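Please walk me through this structure. I would like to follow its strands, ring pairs and charged pairs.

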Amino acid sequence: MTELHYLSATDAMRMFTSGELSPVELMTAVIRRAEAVEPQLNAFPATLYESALEQACEAEKRYAAGDARPLEGIPVAVKEEAPIAGQLNTLGSVRLRDNVAENTAVFVQRIIDAGGIVHARSATPEFSSAPVTWSALWGVTRNPWNLAYSPGGSSGGSGAALAAGSTTLATGSDIGGSIRIPSSFCGVVGFKPPYGRVPEVEIFNLDHYCHEGPLARTVADCALLENVIAGPHPSDVASIRPKLVIPSELEPIRGLRIAFSADLGCFDVAQEVVACAEAAADRLRAVGAVVDRISLPWELEMIKRAAAIHFGLIMAGSIAAEFGELGEEFTPYVRDLVDGAKTITTRDIVEGLVLEARIYEPLGTLLDDYDALLCPTFAVAGLPAQWQMDPLPDRSDDDWIDVMMTLPFNIASRCPVVNVPAGRSSDGVPIGMSVVARTYDDVTAFRVAAAHEEHLGWWADGGPRPAL
């Protein structure tokens, strides 16, 4: 790869070890790239370039001494939602513009302890509560493949930075698709681990829709970061023992049985997305998997009702508990979230749990017969950069849950999901596919994702790149 800022983490660490490349050279290239593209992208609300270069010098010494750690010298953009002691932790909200974190999230501390260098904080929508990334505090974050479009949300800054080459690895969180949507829109790899795999901060460690996870340009890099951040921790009762490690060498998928659905039985999917899904299924067949078209008996209104109850009780409830009535300084999507939750009652809690069980049961039955499920990550190829202020192309409704094919797998939260690039729309925006595996079978999800990536060759030399 000729552009140093697009070098993968695994290749970079190999070159650091051999002496072909210095961590300082990589960090310098990534920072220069970020400085060049940030005026258009707005992916980084905060940067730490000076300290990052100092840490890169220390990483160079560690390689020379043979004392390199698992992420030594690799630039990592950390989603601003995650607290880092002493740094601003605004959650994209004007009301928290001066909030400074007192503690560092466990998974972020693991990145730092592994030698990863946090050179920037990546943008989110306010309270990470939208599938696009704009806020009153930070403005609009744009997609490097087409600046009229959003990089997705809520981990939009991470997705945009990876696609643009202004970071090597990035973190995200996912409560309704917030890792997978930016990964899809930005043409990168994103992993929603199963619930409890990566320690989370309170109170969201007890929210089974909520997941911390990695984003990267390659499946191998995604596994590298996941292996650093995963594992039990005494601060999180939901964190799973023992720690799972994704193997660096993944077995071929020849003979695996994979279910394929272009619409999950209930989504209105754009034809360009369907075409990419069909092509992705064919790639998996070409490498020896058995891929069968299936249908799920899901109903969109059931999914939306279950999500409305859950988000209203926990996400909207936490915002309302802290701020009370929300004024005009909050974004309209946050006000809508909180207002929509005001009618939820204790009786609805039981209804929501029943709905979640009814949604998982056919998926669980399907995955008893199949090793994985392949489906589009999102029903349309992209969203306008200022969605909710700009209309959704070719859609008469304004409810983004209608196109969030990610959401059922937050309800079925113990299923691991990897998003992989699968093609591009006529507007140049990438289209992603999701590989969904059985509960807690992370390795199979990575195996299928790696097989698809190898056949497609998306980020290989000569592959597509954002124009900016």
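**Charges, rings and a buried strand**

Arg62, Asp67, Arg69 and Glu72 are linked in a network of salt bridges. A salt bridge here is a side-chain nitrogen of Lys or Arg within 4 Å of a carboxyl oxygen of Asp or Glu. The model is predicted: local features need pLDDT of at least 70, side-chain atom pairs count only at pLDDT 80 or more, and totals for chains, interfaces and linings use all residues. Residues are numbered from 1 along each chain as its sequence is written, and side-chain values use heavy atoms, with hydrogens and water left out.

By the salt-bridge rule the count comes to 23. Take Arg285 and Asp282. Their closest N and O atoms are 2.7 Å apart. Both residues lie in helix H8 (residues 271-286), 3 residues apart, about one turn of the helix. Helices (H or I, at least four residues) and strands (E, at least two) are DSSP runs, numbered from the N terminus. Arg285 is partly exposed at 33% relative accessibility, and Asp282 is partly exposed at 44%. The cut-offs are under 20% relative accessible area for buried, over 50% for exposed, and partly exposed in between (1.4 Å probe, protein chains only).

Arg305 forms a salt bridge with Asp348, and the closest N and O atoms are 3.0 Å apart. Arg305 lies in helix H9 (residues 300-313) and Asp348 in helix H12 (residues 346-369), so this pair ties together parts that are 43 residues apart in sequence. Arg305 is partly exposed, at 31%. Asp348 is buried, at 12%. Lys342 also bridges to Asp339, with 3.2 Å between the closest N and O atoms.

Now the rings. Rings of Phe, Tyr and Trp (its six-membered ring) pair if their centres lie within 6.5 Å; planes under 30 degrees apart count as stacked, over 60 as edge-to-face and the rest as tilted. This rule gives 13 aromatic pairs. The centres of Phe16 and Tyr63 are 5.2 Å apart and their planes stand at 65°, so the pair is edge-to-face. Phe16 belongs to helix H1 (residues 9-18) and Tyr63 to helix H3 (residues 49-64), so the contact ties together parts that are 47 residues apart in sequence. Phe16 is buried at 3%. Tyr63 is buried at 13%.

Trp134 and Tyr333 have ring centres 5.2 Å apart and planes at 85°, so they too are edge-to-face. Trp134 sits in strand S4 (residues 134-135) and Tyr333 in helix H11 (residues 332-340), so the pair ties together parts that are 199 residues apart in sequence. Trp134 is buried at 5%, and Tyr333 is buried at 3%.

Ring pairs also link Tyr6, Trp145, Trp458 and Trp459 into a cluster. The charged end of Arg465 sits over the ring of Tyr6, 5.1 Å from its centre. For this, NZ of Lys or CZ of Arg must be within 6 Å of the ring centre and within 35 degrees of the ring normal.

Finally, look at strand S6. How many of its residues are buried? 6 of the 6 residues of S6 (residues 169-174) are buried, so the strand is largely enclosed by the rest of the structure. Leu169, Thr171 and Ser173 point one way, while Ala170, Gly172 and Asp174 point the other way. Strand S2 (residues 75-79) pairs with S6 in the parallel sense over 2 bridges. Two strands pair if DSSP finds at least two bridges between them. Ala77 stands opposite Ala170 in S6. Strand S8 (residues 211-216) runs antiparallel to S6, joined by 5 bridges. There, Thr171 stands opposite Pro214 in S8.
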